[in-house]
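Subject: Structure handover, cores and a pocket

Hello,

Please find the structure below. Notes on its packing and one of its pockets follow.

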Amino acid sequence: MRVLITGATGGIGEALIQVFASEGYEIIAVGRNREKLEELEKRFPKRVVGYSVDLESSDEIDRFFESVDNLDINILINGSGVGEIGYFEDISYSDLKSMLDTNVLALTKFTKYFYDKMVKKGEGHIINISSTAGFQQGGALMSAYYATKAYVNSLTLSIYEEGREKGVKVTLLAPGPTKTNFKGMDKKLTSFEKLYVTTAEEVAKELWSGLKREKLIVIPGRINRILYFIDKFIPLKLKLKLVKRVQMKKIEKIFSF
Ligand SMILES: NC(=O)c1ccc[n+]([C@@H]2O[C@H](COP(=O)([O-])OP(=O)(O)OC[C@H]3O[C@@H](n4cnc5c(N)ncnc54)[C@H](OP(=O)(O)O)[C@@H]3O)[C@@H](O)[C@H]2O)c1
């Protein structure tokens, strides 16, 4: 069995490699960081093959697709993602575009390419990594990031329903705050944050256990699942205020170190 993981050089992606390698999978690892890819190939000999691809470049993605075209990919995990943080007017259009190219366009291109092949075969599994942010109707100070994840949620849940008739499984992984190199999550955690911030390893393990139970949506961390539930009862304007407060704390942290 073979799994293709984008974002494999980052916190959650790397933890997923560990889980899938220990379950006997061959792994196609995608990221930009060549050194990290080589390190992964050495750490998981004969299990991991790394491909350096800049997901902002449609041409690079096309070349990558050509080089793996003859391989049977059983599971695709779209894990790469970036998060621009700050007031909307302070983030350049070029940074917004880079984020949309990676979080939305590349994810769509990978999903389309492998989903189509899986439909033809009548089997396969697409796993898209979104975020609990994707369930919110807005997220001040990370506005466009929240919007990209709302897109991922919507696309993923829609093709889940279509794929069911065609033998293709689809899963949405929606982590909450997770300690990785992700912007704002790479700083030392306070004791309060340690109560709810998950580790990449926990996220990967919960995905695996969710896959075994054929879950459609996997939200790692008990507190994140409780928040997902009570979220529906909080008035919209209050929610928008609370999310802004959380992101402001993140910004203060980024600039305080
Ligand atoms: N950490 C959190 O708090 C959190 C919470 C909810 C959801 N998520 C989601 O989880 C996913 C993984 O994030 P993470 O926390 O593991 O972050 P991370 O440690 O920063 O890893 C991000 C990954 O995305 C890849 N990537 C980014 N831009 C790319 C590009 N242009 N081309 C190719 N690869 C690119 C990076 O690869 P290179 O560096 O090698 O380019 C890296 O492998 C993301 O989709 C993120 O939105 C994270």
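Contact here means heavy atoms within 4.5 Å. This is a predicted model, in which local features need pLDDT of at least 70 and side-chain atom pairs count only at pLDDT 80 or more, while totals for chains, interfaces and linings use all residues. Residues are numbered from 1 along each chain as its sequence is written, and side-chain values use heavy atoms, with hydrogens and water left out.

Leaving aside residues up to four places away in sequence, L16 touches I5, I77, I129, A204 and L207.

L16 is also among the residues with the most contacts inside the largest nonpolar core, as are V3, I5, I17, F20, I27 and I77. A nonpolar core is a set of buried (under 20% relative accessible area, 1.4 Å probe, protein chains only) Ala, Val, Leu, Ile, Met, Phe, Trp, Tyr and Cys residues joined through side-chain atoms within 4.5 Å. This core has 29 residues. Elements giving two or more residues to it include β1 (2-6), α1 (11-22) and α7 (200-212); helices (H or I, at least four residues) and strands (E, at least two) are DSSP runs, numbered from the N terminus. The most comes from α1, with seven residues. A second, separate core has 20 residues, V53, I61, I73 and I126 among them.

β6 supplies the largest share of the lining, four residues.

Regards

Conventions: Buried means under 20% relative accessible area, exposed over 50%, partly exposed in between (1.4 Å probe, protein chains only).
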